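Let's take a friendly walk through a protein together.

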Amino acid sequence: MMQKRKILIANWKTYIQSFSEIDIKIGEIKQNLDFYNIDLVLCPSFIYIQRIISKLESQHIFVGSQNFSSSETNTNTGEILAAMLADLGCKYSILGHSEIRERYAESSDTVAIKSNIALKHNVTPIICVGEALETRTKSDYIKFLIDQTIESLPHFSDIEKNNIIIAYEPIWSIGTGKIPSPNQIEEVLSALKSIPGLKFAKFVYGGSVNEQNISEICEVKSLDGVLVGGASTDITKLNLISKALSNFT
Ligand code: PEP
C-alpha cells in the first residue's frame, strides 16, 4: 500500500503569549526548513494564526486552529467560526482535545458537528480521542476508544473521500512524561483503523512526545505522525522530532 506522508502537528496551546515570541519561533523554523521533509502543522492560539500564515510560506508547513465554534450562525458572542479560519488560510483544526472535552464538557456529538463543519470549509479535522487512566485500568478501553471515535466522526456517507486525521491521545499521557509502549499504541491504532470509513484517514499519536522518545514511538507500524504539545514550542526539539519522523518515512 502507498505510504501516507508523515505529519507533525504542533499544539502550541497557550504556551506562546506574544507576537514577539511568535516572530522568534517563525524565524527559527525558517532557518531549518530543510528539516521538514514531512507536513508540519502549527496550531497556535487563534490570534497568531494570521501572523504565521503571512510570514511562513512553505509548501509543507500549514497552520491549524486548536478549536472553533460548533455553531455557524451570526450570534456566537466570543466565538470563532470555521468559515473565518478557512478565510484566513487555516487548513487544519484540532477538535475534541481532552482539555476542551473536560473543561467545557464537550461531547463526542459536538465534536462530530464540528468535524462536519470543518470538512464543509475544507479544513481537515484532527479528531482527538483518548482514555483516562481509570478507563485504561478498569474497563474495556479499546471499546471505549472505538465508540468515542465513531461518535466523533462527521456524519458523511462518503466519509472515505474526505481528509480526516485521528489523534490518539491517552489523557494519562498528556503533559505527564508517561507514554504507552509502541505495542500499546499499535494495539489502539490498528483497532481504530478498522472503523468503516477510515481507510484513508491518518492516525497520529499524541501525549508527551519529545525528541528523546520519538524514535521509539516511530516503531509503531500504523503511525502516520505525531501530535506534540509542550516539546513542539522548542524549535530545536521540534526539528529533532521532525528529523526522526522523516527518517522513518
Ligand atoms: C497535547 O496536549 O495535545 C499534547 C500532546 O501535549 P504534550 O505533548 O505536552 O503531552
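What separates K138 and E134 in helix α6? This is a predicted model, and in it the two residues are four apart within helix α6, which covers residues 133-138, so about one helical turn lies between them. Their side chains form a salt bridge, with the closest N and O atoms 3.6 Å apart. Side chains of opposite charge can pair when their charged atoms come close. Find both partners on the outside of the model: K138 is exposed because its relative accessible area is 66%, and E134 is exposed too, with a value of 54%, where exposed means over 50%.

Salt bridges can also share partners. D23, R51 and K55 are joined in this way into one network. Across the whole structure, a search finds nine salt bridges.

E99 and K13 meet through their side chains in a salt bridge, at 2.9 Å from N to O. E99 sits in helix α4 (residues 98-103), while K13 belongs to the loop between β1 (7-11) and α1 (19-31), and the two are 86 residues apart. How covered are these partners? With a relative accessible area of 32%, E99 is partly exposed. K13 has a relative accessible area of 16%, so this residue is buried, as the cut-off for buried is under 20%.

Another pair to find is E72 and K120. Their salt bridge has its closest N and O atoms 2.6 Å apart. E72 is in the loop between β3 (61-65) and α3 (82-88), and K120 is in helix α5 (residues 108-120), so the bridge ties together parts that are 48 residues apart in sequence. E72 counts as partly exposed because its relative accessibility is 36%, whereas K120, at 56%, counts as exposed.

Let's finish with side chains of another kind. To find I47, go to the loop between β2 (39-43) and α2 (49-55). Why does I47 count as exposed? The reason is its relative accessibility of 59%, which is over the 50% cut-off.

Terms used: Residues are numbered from 1 along each chain as its sequence is written. This is a predicted model: local features need pLDDT of at least 70, side-chain atom pairs count only at pLDDT 80 or more; totals for chains, interfaces and linings use all residues. Side-chain values use heavy atoms; hydrogens and water are left out. Buried means under 20% relative accessible area, exposed over 50%, partly exposed in between (1.4 Å probe, protein chains only). A salt bridge is a side-chain nitrogen of Lys or Arg within 4 Å of a carboxyl oxygen of Asp or Glu.
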